Amino acid sequence: MDLDVFVTAHRTEWDRLDHLLHRGRRLTGAEADELVALYQRTATHLSLIRSSAPDPLLTARLTQLVARARSTVTGTRKASWRDAARFLSAGFPAAVYRSRHWWVPTAVLSTLLAALIGWWIGTHPEVQSAIAAPDDLRRLTAPGGEYESYYSSHPAASFAAQVWTNNARAAAMCLVLGAFLCIPVLYILFVNVLNLAVGIGLMSSAGRLDVFLGLVLPHGLLELTAVFVAAGTGLRLGWTVIDPGPQTRRSALAQQGRAAIGMAIGLALVLFISGLIEGFVTPSGLPTWARIFIGIAAELAFLAYVYILGGRAARAGDTGDLDVGERSAELPSAA
C-alpha cells in the first residue's frame with residue numbers, strides 16, 4: 001500500500017471526524033450519523049495501516065482519534081449498586097461455573113495429592129524426622145500444641161483479617177500469574193497442598209487426625225475451594241496463552257483476563273467469609289460436629305450459588321466478562 005496516496009485519499013475524512021469531535025454544541029441527527037460512519041471508517045483505516053504500512057506518527061494520531069470517537073459514540077456510564085448486585089448474582093457465579101472444568105479437576109487432584117503425601121509422611125518416621133526434631137514434632141501435635149493453639153493465638157477479629165489477607169493474596173497471585181504459562185500457579189498450589197499434607201501426616205502419626213480435621217474442615221472447605229477456583233482459573237488463563245483457540249491470542253487473553261479480575265474480587269468476598277469462620281468458629285467452644293456442620297453448610301451454599309445462579313446465568317450467555325459496550329474496541333483485521 002502506498003501510504004502517501006492512502007493519506008491523501010482519506011485525510012479529509014479524518015479532519016472532518018476531528019472537527020465533529022471538537023464541536024462545542026450538540027450534534028444534529030445527521031452529524032451524529034456522520035460521526036458514527038467516520039468513526040467506523042477511521043477504525044478500519046487504522047487497522048489497514050497497522051497491518052500493511054505501519055507509520056508511528058500516523059498510527060498514533062489515528063489511534064487517538066479512534067479512541068476519542070469511540071468515547072463520544074458509546075458515551076460513559078458510572079458504576080452503580082445495580083452493577084454490583086448484577087456482578088454478585090450473575091457475573092461472578094457465571095465465571096466460576098464456566099471455569100468448572102478447570103477448578104474441579106484441580107480440586108480433586110490436589111485433595112488426592114494432599115492425602116497421598118499425608119499418608120506417606122504419617123507412615124514413614126524417617127520423613128517426619130526430616131521435617132522437624134522429635135521435640136518440635138511433639139510440640140506441634142500434642143494436646144494444646146501449636147496445631148491447636150494456632151487458631152486461638154490472636155484475637156478473633158485480627159486473626160480473621162490476617163487469614164483473609166493471606167488467602168486473598170494467594171488467590172490473586174494464582175489469577176494474575178496464570179498468564180506466565182501456568183508455572184507460578186502450579187508452585188503456589190503445590191505449596192498449599194504440601195502444607196495441608198504435612199498437617200495430615202504429622203497429626204495422623206500422633207493419633208490425632210480427628211482433632212486436626214475438626215480444626216481444618218470448618219473453614220478449610222470453603223477456603224480451599226476458593227483457592228482451587230483461583231488456581232483453576234489461573235491455569236485456564238495460562239493455557240489461553242498457549243492455545244487461544246479461534247480468537248487471536250491478544251483477544252482471548254484479554255477476555256479471560258477481564259473475567260479473572262472479576263473473579264479475584266468475588267473470591268476475596270468468599271475468602272472473607274472463610275476468614276470469619278476461621279477466626280470465630282474454628283477456635284470457638286462449639287462441639288466439633290457443630291463446627292464441621294457450619295463449614296459444610298458454607299461449602300454447600302457456595303456450590304449451590306455457583307451451580308444454580310451461575311449455571312443459569314452462564315446458560316443465558318453471561319461469561320463474567322464486561323458488557324460489549326464497556327470493552328475496549330477491537331479493530332477489524334485486514335484481509
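Which residues touch the most other members of the largest nonpolar core? I looked, and they are V96 and L267, in a core of 34 residues. My note on the term: a nonpolar core is a set of buried Ala, Val, Leu, Ile, Met, Phe, Trp, Tyr and Cys residues joined through side-chain atoms within 4.5 Å. Buried means under 20% relative accessible area, with a 1.4 Å probe and protein chains only.

Before going on, I jotted down that this is a predicted model, where local features need pLDDT of at least 70, side-chain atom pairs count only at pLDDT 80 or more, and totals for chains, interfaces and linings use all residues. Residues are numbered from 1 along each chain as its sequence is written, and side-chain values use heavy atoms, leaving out hydrogens and water.

Next I checked L267. Skipping neighbours within four places in sequence, L267 is in contact (heavy atoms within 4.5 Å) with F92, L175, A226, V229 and A230. I also found a second, separate core of 17 residues, including L21 and L38.

Then I turned to the helices (DSSP runs of H or I, at least four residues, numbered from the N terminus). The axes of α1 (residues 3–21) and α2 come within 9 Å and cross at roughly 145 degrees. Axes here are lines fitted to C-alpha atoms over the stretch in contact, with angles from 0 to 180 degrees between N-to-C directions. Among the residues making this contact are W14 of α1 and E31 of α2.

Last, E31. It sits in α2 (residues 29–52) and counts as buried because its relative accessibility is 12%. Its side chain reaches the backbone nitrogen of T28 at 3.0 Å.

Key
Helix = DSSP H or I, 4+ residues; strand = E, 2+ residues; numbered from the N terminus. Buried < 20%, exposed > 50% of the residue type's maximum accessible area, 1.4 Å probe, protein only. Polar contact = N/O pair within 3.5 Å; in protein donor to acceptor, adjacent residues only side chain to side chain.
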